[in-house]
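Visitor: I am new to this structure and would like a close look at a single part. Please take me through it step by step.

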Amino acid sequence: MAEEFPSKSQPLKPVVKPGHRLSPIWIIPVIAAFLGLWLAWKYFSERGPQIVVRFETAEGMVANKTPVMCRSVNVGTVARVELTDDLKGVEVTMQMTSEATRLLTKDTQIWVVRARYDAAGISGLSTILSGNYVELEPGLSTQARRRFTGLEQPPVTPKGVPGLHITLFTNEAGSIAAGAPIFYKGLSAGKIESRIFHPESGKIEFGAFVSEQFAPLVRKNTKFWNISGIDVQLGANGMQLHVGSLESLLAGGITFGQLDAAISAPPVSDGASFILYDSLSDTKKFVMRNSLPYLLLFTGSVRGLNQDAPVEFRGVRIGTVNGVSFNYLPDDPDRRVPVLVQIDPTLITNLPTESTEPAEKFVAEAVRNGLRASLKIGNYLTAQMYVDLDFQKDAPAASVTEVAGYQVIPTGGSSLAELTDKASALLDKLQALPLEETVKSASAALASIKATVEDLKKTASGYGENGPLYQKLSETLRQLDETLNSIRSLSDSIERKPNSLIFGKPGRVAPPKGTPRP
Amino acid sequence: MKAFAPDSAAARGLALCHVCYLATPVNAGHCPRCGSRLHLRQRESLQRTWAFTIAAVVLYFPANLLPVLRVESFTGDYQNTILGGVAEFWQHGDYPVALIIFGASVVIPVLKIIAISALCLASRTGRRARTMTRIYRITELIGRWSMVDIFVVAILVGVVQLGSTLSIHPGAGALSFAAVVILTMFAAMSFDPRLIWDAAARAEDPPQL
């Protein structure tokens, strides 16, 4: 080995292997490239679509942090929060995961879950710690969508839950708000979903949801009434205190039921509308759903007809008197009394309630067929009047006319004026009778009757106890009595011994032996 | 033909054993003392260095784009990339921490990749040999500091495991980042600085072939 040791003077030829051979080390960057590509593919495949949701406010939403949840499963993250161009809201861009793609359909609902205290109760308490998050409720549609408008309030009932969606109308919202419970016999049967105020009609519209189990109980004649709060009734049975559930006490509540159980009305379908009464007792009050104003022109006095007096059709109330005032028709030459009434023909018909047109047509047709308005006395003690609408067979042809902007139903029939006319005519006739002469002859007749009675009295006194007739009569009666006695003894002896008639009356001797006794 | 610097051991056919550093004539093939194979220079030094460097460059992208840390707590999930973390520290006013992370995790790996690439190029041209040697020394020295991030992630993942209350998991970015750092270290290791001087000698006196 020593001779092979190199020295400075004798350099050894180095072993040089052919260069530029591809080293197996290049597998490393290839692997790295595959790894990088795989990571990139994974990253992009997990990224789903981006959606833009419009909200009024971005309260509690943090870019890259606030999660988007669907039934507590993370389906995305808020990516950007920007003001809209009109500065009236915010546009939240959300990066969804790829699994979430099919959740993003046309009727998907998106809202922010934050701690809330409202009519529906306390919700979202967990967000106090975790921060707000965006909740996504998938819809039923299959049509894809990428731009949404977020809900400011979480929807009460998720889409697709089977049940009945109806509308309730009321004049007073009370404590009823979205989320308030609906009870049936104390069982939770549904919820109020929305509350909309209609300024033009002054009515409040509630969207209500009744769960599937209770939906068949909602029928056409079902009444809904408010049971919020405490109901105290003082009556002959003492005091009655009725308190609803604590939930209804806090959030307000509505209950429903069939009050006239005798009539089985058909069940309703989605979208049916009902009146929401303030209390159970109010359900018996008269309420019109969509009333029509009509003007009635009466020729006679309307004394006794007050505002809020009923308008009836054959005894069934269909409307209310709105007012009695000449202001409705100030220039009438006949000085007829204008009476403005509100009537609801749908109460006695099956007309659709969506618009007033069918009801107007119905009234016009009825007037052509002889429907007339008249005043009638409802209470003879107080002389309260009501307006009666009825068909009159012999009424002259007329139709609904328009006077001073009001539809006018013609009046006719037995109005009070006619009644008064008849009464005065009767009195006139009475007055025309010859009363004085009649009275004179009557008194003369009475005098002669008196004389006759005197004579009768005298005649009757002859038959008295001391009268001669009486003495004679009693003597005769005594003799008759004696005669009758002797006749009786005769008949007795003949009965015992019939032969005595021939042999005469026997002495007191015993009868011979062997003679058979009777 | 590969040319070595005229005053180098390689020019005289002497190789330094890679393991026991015994200078031995390269013809022997194996080190007479420890028996390991002898090479005049590190085998395929440039190819290896390039390969590691390119692999590091490729993985540098996922390392910075993917989250390195995923924090799961009852307040929700939360994950961050390296640059996202830097930005967050900066926004919170923790400028020194932000600078340290930025330096150790972003600047150093980039500088290292650039430096190794420069060295590889210099070992062909042979220019500025002294500067290049200094760069090589610095590269070897600072390389390990890039692992700061990985250590932090490793410690956090190990220590903070409070179940559903708070737990930290490494992200795909952490894995890529560790790979980048390791690959650049391998690249620096597989680079033979003597190649710079060989090239410098060639540049001064081009071999007659």
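Visitor: Start with S4(A): which residue in S4(A) does Arg47(A) stand opposite?

Guide: Arg47(A) stands opposite Thr97(A) in S4(A). Keep in mind that this is a predicted model.

Strand S1 of chain A covers residues 47-55. Seven bridges join S1(A) to S4(A), and the two strands run antiparallel. Strand S4 itself spans 90-97 of chain A. In general, strands of a sheet pair through backbone hydrogen bonds, either parallel or antiparallel.

S4(A) has another partner, S3(A). Seven bridges join S3(A) to S4(A), and these strands also run antiparallel. Here Val78(A) stands opposite Met94(A) of S4(A).

Now follow the chain from S3(A) to S4(A). The two strands form a hairpin with six residues between them. Leu87(A) sits in this loop. Leu87(A) is not a glycine, yet its phi is positive, at about 60°. Is Leu87(A) buried or exposed? Leu87(A) counts as exposed, because 7 C-beta neighbours lie inside 10 Å.

Step back into S3(A), which holds residues 73-83. Thr77(A) lies in this strand. Thr77(A) is buried, because 22 other C-beta atoms lie within 10 Å. The cut-off for buried is 20 or more. Which residues does Thr77(A) contact, leaving aside its neighbours within four places in sequence? They are Asn64(A), Thr66(A), Pro67(A), Val68(A), Met94(A) and Gln95(A). Thr66(A) and Thr77(A) are 11 residues apart in sequence. In space, their C-alpha atoms are 5.8 Å apart.

That is the close-up. Next comes its setting in chain A. The chain has 518 residues, and 21% of them count as buried. Chain A contains eight helices and 26 strands. Consider the contacts between residues at least 6 apart in sequence: 65% of them join residues at least 24 apart.

Some of the strands in chain A make a barrel. It is closed, has seven strands and runs S10-S13-S12-S11-S17-S14-S18, with mixed pairing. The twist averages 35° from one strand to the next. Look at one pair within the barrel. S11(A) covers residues 181-184, and S17(A) covers residues 254-258. They pair in the parallel sense over two bridges. Phe183(A) has Thr255(A) of S17(A) as its bridge partner.

Further along chain A, look at the loop between strand S20 (310-313) and strand S21 (316-324). Arg314(A) is found there. Arg314(A) has a positive phi of about 50°, although it is not a glycine. Arg314(A) counts as exposed, because 10 C-beta neighbours lie inside 10 Å.

Tyr386(A) belongs to strand S24, residues 384-391. Tyr386(A) counts as partly exposed, because 19 C-beta neighbours lie inside 10 Å. Beyond residues up to four places away in sequence, Tyr386(A) touches Ala309(A), Pro310(A), Glu312(A), Lys376(A) and Gly378(A). Pro310(A) is 76 residues away along the chain. Still, the C-alpha atoms of Tyr386(A) and Pro310(A) are separated by 5.6 Å.

Finally, turn to chain B and its helices. In general, two packed helices are described by the angle between their axes and the distance between the axes. Helix H1(B), residues 45-65, packs with helix H3(B), residues 95-125, at an angle of about 155°. Their axes are 10 Å apart. The angle makes H1(B) roughly antiparallel to H3(B). The crossing of H1(B) and H3(B) is left-handed. On the H1(B) side, the contact is made by residues including Leu46(B), Trp50(B) and Tyr60(B). On the H3(B) side, Ile113(B), Ile116(B) and Cys120(B) are among them. By class, this contact of H1(B) with H3(B) has nine nonpolar, four polar and no charged residues.

Helices H5(B), residues 148-159, and H6(B), residues 172-190, also pack. Their angle is about 140°, and their axes are 9 Å apart. H5(B) passes H6(B) in a left-handed crossing. Asp149(B), Ile150(B) and Val153(B) of H5(B) meet Ala174(B), Phe177(B), Ala178(B) and Val181(B) of H6(B). This contact of H5(B) with H6(B) has six nonpolar, no polar and one charged residues.

Note on methods:
Residues are numbered from 1 along each chain as its sequence is written. Chains are lettered from A and ligands numbered from 1 in the order in which they are written. This is a predicted model: local features need pLDDT of at least 70, side-chain atom pairs count only at pLDDT 80 or more; totals for chains, interfaces and linings use all residues. Two strands pair if DSSP finds at least two bridges between them. Helices (H or I, at least four residues) and strands (E, at least two) are DSSP runs, numbered from the N terminus. Axes are lines fitted to C-alpha atoms, for helices over the stretch in contact, and angles run from 0 to 180 degrees between N-to-C directions. A residue is buried if 20 or more other C-beta atoms lie within 10 Å of its own, exposed if 12 or fewer, and partly exposed in between; C-beta atoms are placed from the backbone. Two residues are in contact if their C-beta atoms, placed from the backbone, lie within 7 Å. Angles under 35 degrees count as roughly parallel, over 145 as roughly antiparallel, 65 to 115 as roughly perpendicular and the rest as oblique. A crossing is left-handed if the near helix is turned anticlockwise from the far one by less than a right angle, and right-handed if clockwise. Ala, Val, Leu, Ile, Met, Phe, Trp, Tyr, Cys and Pro count as nonpolar, Asp, Glu, Lys and Arg as charged, and the others, Gly among them, as polar.
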